Number of protein chains: 2
Amino acid sequence: MGRMATPEDLDPTRMAGGGLRAFDRGTAVSSLGDGRFAAEVEPVWNIGNAPNGGYLLSIALSAVAQSLPHPHPLAVTAHYPARVEPGPAEVRVEVVREGKGSSTAHARLVQDGQPRVLVTATYGDLDRLSGPTSIQAERPGFPPPDECVRAMGPAAPVFMRQFDLRLTPETAAWAVTKPSGVAEAAGWTRFADGREPDPACLPLMADSFPPTVFNVVPSLWVPTIELTVHVRGRPAPGWLQCRFRTRYLIDGYLEEDGEIWDSTGRLVALSRQMARILS
Amino acid sequence: MGRMATPEDLDPTRMAGGGLRAFDRGTAVSSLGDGRFAAEVEPVWNIGNAPNGGYLLSIALSAVAQSLPHPHPLAVTAHYPARVEPGPAEVRVEVVREGKGSSTAHARLVQDGQPRVLVTATYGDLDRLSGPTSIQAERPGFPPPDECVRAMGPAAPVFMRQFDLRLTPETAAWAVTKPSGVAEAAGWTRFADGREPDPACLPLMADSFPPTVFNVVPSLWVPTIELTVHVRGRPAPGWLQCRFRTRYLIDGYLEEDGEIWDSTGRLVALSRQMARILS
């Protein structure tokens, strides 16, 4: 399944060229004034010919983060009405409300004057939330990363090179032998260049695993229609443990429900997307 | 727990005054041209002093449905940056893209010139979806409606009068004896006036049950921050079977995950909301 991570990959102090890690470079935006931001949709985040949906959401959120007073995404939603091409794009941000505890913006990724991704984002401060806590689910036990399967075969999309992603042997069945029949993708992930996780990267991580339905039906492309991510905590450094599950594949449409835990075992994000199988 | 449903309640041909059922009357909008629609936020859908979030989403979708060529909501999302008051409101709809299989609009519920609910909606035609089906979850078995608990005590919000809602005895524990400790709300529901379910009412139904956390912590108000509903099928006439669950209540914030099945046992909607406990 391709190379294993090297000690260099594991060095969290290693910087990519230009001083920015790949995620920060790929989502960088520069203000043009009036809520407009110039962005570059990099082809290294493609699945086939199309940019990954979580990546496009992250570009829009990069502009949102510069526009709102609160530091962290709490609940962010993207709808994907039109396909985005790698290359220049513009993000247009409208600040809808700045409240005391949270603030909300609407943002659009625009190419050729056409809005192609619609994002609504509620931001807050994860360090200042207060209220009761009750965890009513157990974190699943996975084999350690070294006993998982690196999702990096020769046919893997270029997108996958941005991550050091290890699928549990059970959920890697489609890649290793044959589909397991269980619509699940689970395992460990981190950025390939050693960038540590933070709240800003969780919307991307929530769309970074191979589709759950690879274990159910042959499918080449499973484009995202809508993606919502709830950020529930600030992740600690290290591996993220992720599980994505689909219960209802109906007439080619499916939900993909994600949970992300940090290296200390805390849940840090929930995600759900609606996607569609195109064969 | 208040009166039981009468035979009149069960008569699906009974019409409310004015020829419209309560849901259709409460979400009626009239076009003002240029994507603007006049709406009336009715106080009978209040929880305390605030309109229910699913109801506000439904008002916005009523205007969206008049603006898009596709008949059914597929994936709809609302963020709630500011509180809405009962009374006149305006819905502003922007059609973002009309595609062959689906179309997308952004809509806002506006009062006093301020956008208070932001909605993004992808519509399609549920009768024309095609592709593989694989159901990987079992529908839960509930006691029949007559053995469930009518959620209609004297302290129930006026909102509850719009429904004939029966909680399973297990999940009604908070109302009958004491909180069960399990963050779940489940049971059967239908409109009190006999209006049959259709795709348009499912976003409301997805926000119509008492909060799951009533079974965990004392809480008076659990306002919705973000609500996304995936409509997965056209419901048959009769009862809707619903289950809402919360796994992660963290620092006062929670997700509420919903599943809705129709009277034939088919899953017709999935929902998730982020909400916050205000005590």
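Residues 24 or more positions apart account for 71% of the contacts in chain A with a separation of 6 or more, in what is a predicted model.

Colleague: How many helices and strands does chain A have, and what does its radius of gyration say about how compact the chain is?
Modeller: The C-alpha trace of chain A spans about 55 × 45 × 40 Å along its principal axes, and the chain holds five helices and 17 strands. The globule rule gives 19 Å for 279 residues, and the radius of gyration of chain A is close to that, so the chain is as compact as a globular protein of that length, with a value of 18 Å.

Colleague: What percentage of the residues in chain A is buried, and is helix 3 of chain A largely enclosed or left open?
Modeller: Of the 279 residues in chain A, buried ones make up 53%. Helix 3, residues 53-67, should span 21 Å at 1.5 Å a residue, and its end C-alpha atoms are 22 Å apart, which agrees. Since 13 of the 15 residues of helix 3 of chain A are buried, this helix is largely enclosed by the rest of the structure.

Colleague: Which strands pair with strand 7 of chain A?
Modeller: Strand 7 of chain A, residues 102-111, is mostly covered, with eight of its ten residues buried. On one pairing, eight bridges join it in the antiparallel sense to strand 6, residues 87-98 of chain A, where Val91(A) stands opposite Leu109(A), and a hairpin of three residues connects these two strands. Another antiparallel pairing, over ten bridges, involves residues 114-124 of chain A, and there Ala105(A) stands opposite Ala121(A).

Colleague: Which residue takes a positive phi in the hairpin of strand 7 and strand 8 of chain A?
Modeller: That hairpin has two residues between the strands. The positive phi there is near 55 degrees, and the residue that takes it is Asp112(A).

Colleague: Is Tyr80(B) buried or exposed?
Modeller: Tyr80(B) lies in the loop between strand 5 (72-79) and strand 6 (87-98) of chain B. Leaving aside residues up to four places away in sequence, Tyr80(B) touches Gly53(B), Val117(B), Thr224(B) and Ile225(B). A residue needs 20 or more C-beta neighbours within 10 Å to pass the cut-off, and because Tyr80(B) has 26 inside that distance, it counts as buried.

Colleague: What symmetry relates chain A to chain B?
Modeller: Chain A is superposed on chain B, with an RMSD of 0.0 Å, by a rotation of 180 degrees with 0.0 Å of shift along its axis. That is the relation of a two-fold axis.

Colleague: Do the copies meet through the same surface or through different ones, and how many residues does each chain bring to the contact?
Modeller: Because 98% of the interface residues of chain A are also interface residues in chain B, the copies meet through the same surface. The contact takes 46 residues from chain A and 45 residues from chain B, and the side of chain A that touches chain B divides into 23 nonpolar, 16 polar and seven charged residues.

Terms used: Residues are numbered from 1 along each chain as its sequence is written. Chains are lettered from A and ligands numbered from 1 in the order in which they are written. This is a predicted model: local features need pLDDT of at least 70, side-chain atom pairs count only at pLDDT 80 or more; totals for chains, interfaces and linings use all residues. Two residues are in contact if their C-beta atoms, placed from the backbone, lie within 7 Å. Ala, Val, Leu, Ile, Met, Phe, Trp, Tyr, Cys and Pro count as nonpolar, Asp, Glu, Lys and Arg as charged, and the others, Gly among them, as polar. Helices (H or I, at least four residues) and strands (E, at least two) are DSSP runs, numbered from the N terminus. The radius of gyration is taken over C-alpha atoms; the globule rule is 2.2 Å times the number of residues to the power 0.38. A residue is buried if 20 or more other C-beta atoms lie within 10 Å of its own, exposed if 12 or fewer, and partly exposed in between; C-beta atoms are placed from the backbone. The expected span of a helix is 1.5 Å times one less than its number of residues. Copies are superposed by least squares on the C-alpha atoms of residues with pLDDT of at least 70 in both. Two strands pair if DSSP finds at least two bridges between them.
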